[in-house]
Amino acid sequence: MKFFADTAEIDAIKELAETGLLDGVTTNPSLIAKSGRDFMEVTKEICGLTDGPVSAEVVALDHPTMMKEAEVLRKIADNVCIKVPLTMEGLKTCKALSGEGTMVNVTLCFSATQALLAAKAGATFVSPFVGRHDDNGTDGMDLIRDIRLIYDNYAFETEILVASVRHVTHVLESARIGADVMTAPPKVIHALVRHVLTDKGIDGFMKDWGSTGQSIL
């Protein structure tokens, strides 16, 4: 499974990139706004921190303007992935851009039939939002299972990019189901490494080592 960071915080992206765990980055207008910086400037800096796809989202709602915005965004760097909403106008834009060889992330997916449409439009990634499903009292992971089944049935190449990831269990279940990618806030990715028994083991080792009075350096 690929790990994308869902953030526009440069320091957080740098830290994850140094671990070798980072396969890409997803951004959106809300995340960029939180950074308080220029949209184009932030996106360009992020693209320089990873070789993987960096999703940059259009803000227009009509196909012609989406195409104009995409033309600007994809000039930022070779690894920009244009993010479009899962609407008819967004799908039309996805079809046009993917036909030109541009990576496209179709976002705000909330049903398996929507994901089917995204794949037929040639999306590189489809982003189903599991956390928001959970917020509404349904199991977001059921959506991932349905999409995985449909994509496997027809050998679609569109990658399932699990979004709105809130906790470690979302990551675990996505991996079990066979999702291709998950994108999460850095704090969730950091939480994956933590386990109480690991902490206890390190404490024990350190106490035992301290008792020897030795030093490696």
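Tutor: Helices (H or I, at least four residues) and strands (E, at least two) are DSSP runs, numbered from the N terminus. The model is predicted: local features need pLDDT of at least 70, side-chain atom pairs count only at pLDDT 80 or more, and totals for chains, interfaces and linings use all residues. Residues are numbered from 1 along each chain as its sequence is written, and side-chain values use heavy atoms, with hydrogens and water left out.

Student: In which loop is Glu100 found?

Tutor: Glu100 is partly exposed, at a relative accessible area of 49%; buried means under 20%, exposed over 50%, partly exposed in between (1.4 Å probe, protein chains only). The loop with Glu100 is the one between α5 (88-99) and β5 (104-109).

Student: Which residues does Glu100 touch, not counting residues up to four places away in sequence?

Tutor: Contact means heavy atoms within 4.5 Å. On that basis, Glu100 touches Met67 and Arg74.

Student: Is Thr27 buried or exposed?

Tutor: Thr27 lies in the loop between β2 (24-26) and α2 (29-35). Among the residues that Thr27 touches, not counting those up to four places away in sequence, are Ile32, Ser55 and Lys83. Because its relative accessibility is 1%, Thr27 counts as buried.

Student: Why does Leu217 count as exposed?

Tutor: Leu217 is found in the segment after α11 (196-212). Leu217 counts as exposed because its relative accessibility is 95%.
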